Amino acid sequence: MLVFVFTALSLLSPCLATIPRPRGVAISMASFYKPDVPFQCLDGSKQVPFEYVNDDYCDCPDGSDEPDCCDGSDEWEGNIECVNNCKELGRKMREDREKQMQLQDSGYKVKLQYMEEGKKRRAEKRAEMETLEQSKVELEALKNEVEARKIEVEGPEKEAKEKHEQAWKEVQEAKKAELDKIKAETAFYEMDENKDNRVDLVEIKAHAQFDVDNNGEVCDSEAREHLEIGEEADHVDLEHFMEKVWPNIRDFYKSPAEQEDKGDNQEIEPKEEENLADAARKQFTDADNALRDAENAIRDLQNYLNLDYGPNEEFSALKGNCYEYTDREYTYKLCGFEKATQRPKAGGSETTLGNWGKWEGTPEDKYAAQKYENGQSCWNGPNRSVKVNMKCGLENKVTGTSEPSRCEYAFDFETPARCTEPPARASDDTHDELIKEEIRALRRNIRRLEDRVVAFESVGSSQQDNLLNLVTHLDARDVQQVLSTLCKAIFSNEELMNCSRKGKRTNKCSESGPRPPLDIVKLEKLEHLVREKTNMSKDCLCKKLENMQKTLRQKKKQ
Ligand code: MAN
């Protein structure tokens with residue numbers, strides 16, 4: 001029956017099969033059976049070394065140290081001191097198994113959807129990629145074409161611009177000269193106060209700006225100097241004024257009207273060439289941008305397609321989605337196939353714990369864990385990293401976080417993508433029938449062995465070896481019977497009860513004195529035969545033999 005149960009459980013999922021626990025322990029009870037600490041009897045009555053668990057001898061009053069023999073029936077010679085909690089354990093185990101089956105069942109249905117969506121998404125991305133690759137070729141050709149056109153029209157544009165600039169400069173200079181002439185004439189008529197078409201000494205003296213030595217008046221010599229005339233003359237006409245006087249005073253002469261000619265500074269552009277070049281430039285920029293967009297989209301698609309989303313694309317459901325988990329200090333965030341972060345609840349900036357790295361399960365189960373690596377560096381430590389352990393669950397969620405060693409984090413994550421197809425269930429009838437059949441087979445084996453013992457005891461020692469050889473085709477489940485049969489064949493009951501294995505005095509038998517050792521030749525023969533016919537270790541054999549002797553002694557006392 002136990003063999004059957006283990007097999008059924010191991011079919012459920014790779015996760016279930018790997019939960020370490022002694023044979024016969026239900027998953028729900030696994031945490032009570034930790035090999036590295038003493039075992040606490042489940043009724044709380046006492047603690048025993050972990051080696052006592054499943055050593056086929058009942059140490060706990062409730063039998064919890066012998067989890068695979070819930071009714072004690074596999075104890076030596078039916079030494080049933082254990083509480084019969086078969087029903088209770090069986091019910092619990094069936095409940096656990098049922099829950100697991102239901103979880104796998106429902107989760108697997110979601111996983112099937114994920115698989116379908118994931119495969120569809122990959123196909124779409126591939127098709128999109130092909131289209132983009134094709135348009136990239138076209139866009140490259142277009143870019144080259146418009147670039148050539150751009151270069152072609154930019155040459156004449158440059159030439160036209162240079163020509164135009166030259167012409168523009170000339171126009172500006174002519175304008176400036178014309179303006180200067182107007183200013184000079186205006187200045188002449190402004191200074192010619194009496195309007196006799198001459199500027200004489202008196203008129204020029206009225207302008208304080210010609211008082212070069214700043215003594216408060218424009219004297220004769222200053223007036224003559226500005227008018228560029230000697231002692232013999234006392235006035236200038238327009239022609240002389242424009243030619244000789246104006247170049248000297250244009251920089252500081254202030255018109256009373258202070259009229260400034262704003263000038264016509266409008267630039268005349270070589271429109272046609274520029275328009276053509278502008279259009280070519282715009283076409284080039286557009287083609288270049290379109291090509292760049294296509295290249296970026298191709299890169300994104302490539303990144304998506306390069307990722308391993310599981311054998312059937314089931315994990316693609318996590319891509320681009322983020323899941324948060326808050327503990328006492330931090331809010332942790334996992335963004336599938338992207339990164340993991342940590343943000344203090346009390347406020348402060350987010351720390352990157354790692355970026356998508358790789359799948360990091362076991363060789364047999366690659367998809368059992370993900371690794372996010374190269375996160376922010378840790379002071380005096382490694383760059384932060386996260387291992388995400390994944391197991392079957394009905395929805396995608398982080399169910400726990402820890403930091404097993406500084407800056408190395410572990411997240412527990414549940415996802416339907418990890419659920420497996422549950423095996424077809426045997427009907428309850430079939431189940432019961434299988435168990436009954438197993439019990440019948442065991443009983444047949446026991447009867448066969450008992451017959452052999454009787455036959456063995458009734459023949460002379462010459463035939464004993466032959467009989468011993470009969471005990472060869474026993475399977476692993478008959479270990480106890482092999483030992484019993486061989487012991488009874490080799491030793492008498494008295495020898496077993498009165499001798500100890502090593503011949504040493506124990507505390508318990510101190511009143512009756514030390515027991516003699518068992519015959520060493522017989523003992524070696526027993527060891528040899530048992531180990532030849534079973535895979536029992538020497539230690540285990542010794543323990544079982546001592547148990548058997550103890551049981552025989554107890555029986556005798558009763
Ligand atoms: C921060 C957090 C912790 C980490 C320390 C290391 O406080 O990222 O998780 O242990 O830095 O200095």
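Me: Two strands pair if DSSP finds at least two bridges between them; a strand is a DSSP run of E, at least two residues, and a helix a run of H or I, at least four residues, both numbered from the N terminus. What makes strand 11 and strand 12 a pair?

Reply: Strand 11 (residues 397-405) and strand 12 are joined by 6 bridges. The requirement is at least two, so they pair. They run antiparallel. In strand 12, Phe411 faces Thr401, and Phe413 is the bridge partner of Val398. The two strands form a hairpin with 2 residues between them. Cys407 in its turn has a positive phi of about 70°.

Me: What are the ground rules for this model?

Reply: The model is predicted: local features need pLDDT of at least 70, side-chain atom pairs count only at pLDDT 80 or more, and totals for chains, interfaces and linings use all residues. Residues are numbered from 1 along each chain as its sequence is written, and side-chain values use heavy atoms, leaving out hydrogens and water.

Me: In which sense do strand 10 and strand 12 pair?

Reply: Parallel, over 8 bridges. Asn389 stands opposite Asp412 in strand 12.

Me: Which residues are around the ligand?

Reply: Tyr330, Gln342, Cys378, Arg384, Glu403, Arg406, Cys407 and Tyr409. Each has a heavy atom within 4 Å of the ligand.

Me: What makes up the largest nonpolar core?

Reply: A nonpolar core is a set of buried Ala, Val, Leu, Ile, Met, Phe, Trp, Tyr and Cys residues joined through side-chain atoms within 4.5 Å. The largest has 28 residues. Phe315, Leu334, Phe337, Val386, Val388, Phe411 and Phe413 touch the most other members. Helix 7 (271-306), strand 6 (330-335), strand 8 (351-359), strand 10 (385-392) and strand 12 (408-415) each supply at least two of its residues. Another core of 20 residues lies apart from it, with Leu483, Ile490, Leu518 and Leu523 among its members.

Me: Why is helix 10 (residues 479-490) said to be close to its expected span?

Reply: The expected span is 1.5 Å times one less than the number of residues. Helix 10 has 12 residues, and 16 Å is expected. From first C-alpha to last, helix 10 reaches 16 Å.

Me: What makes helix 10 mostly covered?

Reply: In helix 10, 10 of the 12 residues are buried. Val479, Leu483 and Ile490 are among them. Strand 12 is mostly covered too, with 6 of its 8 residues buried.

Me: How many helices and strands are in the protein chain?

Reply: The chain has 13 helices and 12 strands. Buried residues make up 37% of its 558 residues.

Note on methods: Buried means under 20% relative accessible area, exposed over 50%, partly exposed in between (1.4 Å probe, protein chains only).
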